[in-house]
Amino acid sequence: MLIGLCGRSGSGKGYIAAMFAKRGIPSIDTDRVYRDLTGPSDVLSPCMEDLKERFGAAVVSADGSLNRAVMRSYVFGPGNAESLADLNRITHAHILRRTMEEAAALREQGADIILIDAPLLYESGFDKKCRAVICVTAPEEKLIARIMKRDGIGREDAEKRLRTQKSAAELADKADFVIENDAEKDILQDRVDRIITALRSLQPAAEISEKQ
C-alpha cells in the first residue's frame, strides 16, 4: 500500500517520515530520487538524456549532472511557462518510474506500507498511485523559521518560497490524514501511531475520510 506524504516547505515531512520508519514503515524521498537521476555520472541517465534533447547540451555539466543554473535561466521568468511545463513533464515521468521501482524492491523486502514523500504530490500525479495521503502541517511562523535555519536564507526569501506553494488549507483539504507538526516528540509519535493503526485497518476499496 503506497501512502502519499505531502506538506509545505519547512513542515518537517522528513522528521515525520523518520517516526514512521521507527514503526517499520519505510519512505521514498522523491527529492532524493530526483537528485540521483540528475547527479554526476559517467553515463547520462535516461532522464538527463531527455533533458539534453529538449533543452540542449548546455544543461549538462562536465560531470554529467544537471547544470541547475542554466536550467533555471531557461524555465523561470516571464515567457518561460512552456519550458517549465516541459521540465516538469520530463522529470516527473522519470521520478515516478524510479520511485515505483524502489517501491517494488521494498515490497520484495517485506514492506506492506510505503510512504511516498513528494513535495509536488498532486502536481506530479503521484497521488493517483497512493491509497491515501498524509499532510504534514505547522504554523506559518514555524515554517518560516525552519526554512531560514535549514537553508540559510532571509525571511523575505523564505516567505517568497512559501507563496509559490499550495496553501496548508488546500493540502489538508485534499489529504486523508493531517499531522500538525507543532508538538513534542512523544505527542507527535502518538499522532503517527494513530494514523498507522488506521492505515493497517484499511480495506483495498475503502473510502478514507478521517482527519487526525
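View 1. Strand β3 (residues 114-117) runs parallel to β2, and three bridges join the two; strands here are DSSP runs of E with at least two residues, helices are runs of H or I with at least four, and both are numbered from the N terminus. The model is a predicted one, in which local features need pLDDT of at least 70 and side-chain atom pairs count only at pLDDT 80 or more, while totals for chains, interfaces and linings use all residues. Residues are numbered from 1 along each chain as its sequence is written, and side-chain values use heavy atoms, with hydrogens and water left out.

**View 2. The open sheet has five strands in the order β2-β3-β1-β4-β5, with parallel pairing.** Its edge strands, β2 (27-29) and β5 (177-180), each pair on one side only, where pairing requires that DSSP finds at least two bridges between two strands. From one strand to the next, the twist averages 25°, with axes taken as lines fitted to C-alpha atoms, for helices over the stretch in contact, and angles running from 0 to 180 degrees between N-to-C directions.

**View 3. Helix α2 (residues 30-37) lies across β2 and β3.** The helix runs at about 50° to β2.

**View 4. Ser 9 is placed in the loop between β1 (2-7) and α1 (13-22).** Ser 9 counts as buried because its relative accessibility is 11%, buried meaning under 20% relative accessible area with a 1.4 Å probe and protein chains only. Leaving aside residues up to four places away in sequence, Ser 9 touches Leu 143, Ile 147, Arg 150, Arg 161, Leu 162 and Gln 165, a contact being heavy atoms within 4.5 Å.

Technical notes. Buried means under 20% relative accessible area, exposed over 50%, partly exposed in between (1.4 Å probe, protein chains only).
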